[in-house]
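Colleague: I would like to learn how to read a structure like this one. Please take it feature by feature.

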Number of protein chains: 2
Amino acid sequence: MRHEIEAQWIGGMEFHAAVSGHTVVMDAPERAGGDDRGPIPKPLMLAALAGCTGMDVAALLRKAGKPADTFSLKVTGEISARPPIVYEAVHVEYDFTGSEADREAALEAVTRSQEQYCGVSHMLKRILPVTWSVVYNGRTIFTNATVSAAAPADPVSRAA
Amino acid sequence: MRHEIEAQWIGGMEFHAAVSGHTVVMDAPERAGGDDRGPIPKPLMLAALAGCTGMDVAALLRKAGKPADTFSLKVTGEISARPPIVYEAVHVEYDFTGSEADREAALEAVTRSQEQYCGVSHMLKRILPVTWSVVYNGRTIFTNATVSAAAPADPVSRAA
């Protein structure tokens with residue numbers, strides 16, 4: 001089995017990629033010779049990570065009958081100082097609002113995604129540290145980040 | 001320095017990611033509980049690779065004063081048989097049309113991107129084989145793929 005995408009050069013730095021039947025526009029900012037008509041390519045890897053683990057969590061919470069009221073993710077990639085520009089560490093912050101009774105279900109869904117299901121996270125963990133934290137109703141209930149990563153200054157581990 | 005993206009759960013399996021000022025919609029197909037309103041997440045890694053190396057090549061050919069008439073890329077990722085679903089090999093096909101006199105410039109730009117500049121390729125090469133081929137005016141002028149990868153049945157190496 002394989003995934004296949006095609007990307008067409010439009011001109012300048014603009015490319016249109018066909019990805020599972022949808023068009024994704026990529027471009028460079030003006031300072032890099034582009035026209036800023038779409039996202040730059042590299043952080044699409046971070047978006048892939050957010051979508052991969054986010055869909056795991058949404059599906060697990062739906063299956064458990066405990067969907068969040070709101071759910072968002074912030075993914076931060078530390079980039080290397082020198083070219084080729086690569087990510088050197090990635091942090092995912094999961095941010096939920098919902099019933100206090102469903103807090104553990106959210107945390108468990110995140111853990112199952114990160115430890116078992118999410119293929120993008122699995123790939124990235126083989127080349128760099130991937131850490132994550134969980135915020136529930138405004139309170140950090142889990143983090144495995146160290147201070148050096150993109151994390152709160154005073155991390156707590158399963159402090160819930 | 002860091003890259004940061006944010007992704008908002010819309011409902012079902014749909015997420016909207018904000019990536020360098022642009023919105024990227026991600027969704028699952030209907031058979032996976034989604035509404036197919038955007039690409040699935042994982043192949044966005046392949047799109048990131050296409051955009052990264054494609055922009056290198058477009059910029060190098062522009063700088064050389066030898067832009068292609070047309071330029072497209074096809075990126076294929078072989079996926080694992082079991083979860084977590086990861087890519088096990090990736091192949092990039094670069095397809096150019098243009099003046100025969102500019103053929104070597106296109107090949108050189110691809111080589112420089114793959115061997116020096118492209119950070120996405122650099123990251124992926126640390127976890128899986130990344131191979132590539134170059135087609136110029138309909139003829140394969142380079143491939144480093146083996147038969148087992150997503151490649152022509154009878155690969156030629158720098159046969160130009």
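The dialogue below goes from whole-chain values to single residues.

Modeller: Some ground rules come before the features. This is a predicted model, in which local features need pLDDT of at least 70, side-chain atom pairs count only at pLDDT 80 or more, and totals for chains, interfaces and linings use all residues. Residues are numbered from 1 along each chain as its sequence is written, chains are lettered from A and ligands numbered from 1 in the order in which they are written, and side-chain values use heavy atoms, with hydrogens and water left out.

Colleague: How many helices and strands are there in chain A?

Modeller: Helices (H or I, at least four residues) and strands (E, at least two) are DSSP runs, numbered from the N terminus. Chain A has three helices and seven strands. Read from the N terminus, their order is β-β-β-α-β-β-α-α-β-β. The C-alpha trace of chain A spans about 55 × 35 × 30 Å along its principal axes.

Colleague: Which domains does the assignment give for chain A?

Modeller: Domain bounds come from an automatic or database domain assignment. For chain A that assignment gives domain 1 (1–39) and domain 2 (41–143). Their C-alpha centres lie 25 Å apart.

Colleague: What share of the residues of chain A counts as buried?

Modeller: Buried means under 20% relative accessible area, exposed means over 50%, and partly exposed is in between (1.4 Å probe, protein chains only). Of the 160 residues of chain A, 55% count as buried. Accessible areas come from the Shrake-Rupley method with a 1.4 Å probe; for residues, only the protein chains shown count as cover. The accessible surface of chain A is about 7,000 Å², and carbon and sulfur atoms account for 48% of that.

Colleague: What about contacts in chain A?

Modeller: A contact means heavy atoms within 4.5 Å. Among the contacts in chain A with a separation of 6 or more, 44% are between residues 24 or more positions apart.

Colleague: How many aromatic pairs does a search of the whole structure find?

Modeller: Rings of Phe, Tyr and Trp (its six-membered ring) pair if their centres lie within 6.5 Å; planes under 30 degrees apart count as stacked, over 60 as edge-to-face and the rest as tilted. The search finds ten aromatic pairs over all chains. One of them is A:F71 with A:F96, a stacked pair at 4.6 Å centre to centre with 5° between the planes. This pair links distant parts of the chain, with A:F71 in strand β4 (residues 70–79) and A:F96 in strand β5 (residues 87–97) of chain A, 25 residues apart. Both A:F71 and A:F96 are buried.

Colleague: Why is the pair of B:F71 and B:Y94 called stacked?

Modeller: The ring centres of B:F71 and B:Y94 are 6.5 Å apart and their planes are at 5°, so the pair counts as stacked. It too links distant parts of a chain: B:F71 is in strand β4 (residues 70–79) of chain B and B:Y94 in strand β5 (residues 87–97) of chain B, 23 residues apart. B:F71 is buried because its relative accessible area is 1%, and B:Y94 is buried with a value of 0%. Both belong to one aromatic cluster, formed by A:F15, B:F71, B:Y94, B:F96 and B:Y136.

Colleague: Where is there a cis peptide bond?

Modeller: One joins A:P83 and A:P84, with omega about -5°. A:P84 lies in the loop between β4 and β5 of chain A. In chain B, a cis peptide bond joins B:P83 and B:P84, with omega also about -5°. B:P84 is placed in the loop between β4 and β5 of chain B.

Colleague: Which residue has a positive phi although it is not a glycine?

Modeller: A:D36 is one such residue, with phi about 55°. A:D36 is in the loop between β3 (22–26) and α1 (44–63) of chain A. A:D36 counts as partly exposed because its relative accessibility is 36%. B:N137, also not a glycine, has a positive phi near 50°. B:N137 sits in the loop between β6 (130–136) and β7 (139–143) of chain B.

Colleague: Which residues is B:K74 in contact with, leaving aside its neighbours within four places in sequence?

Modeller: They are A:E4, A:I5, A:E6, B:H91, B:V92 and B:E93. B:K74 itself is in strand β4 of chain B. Its relative accessible area is 28%, so B:K74 is partly exposed.
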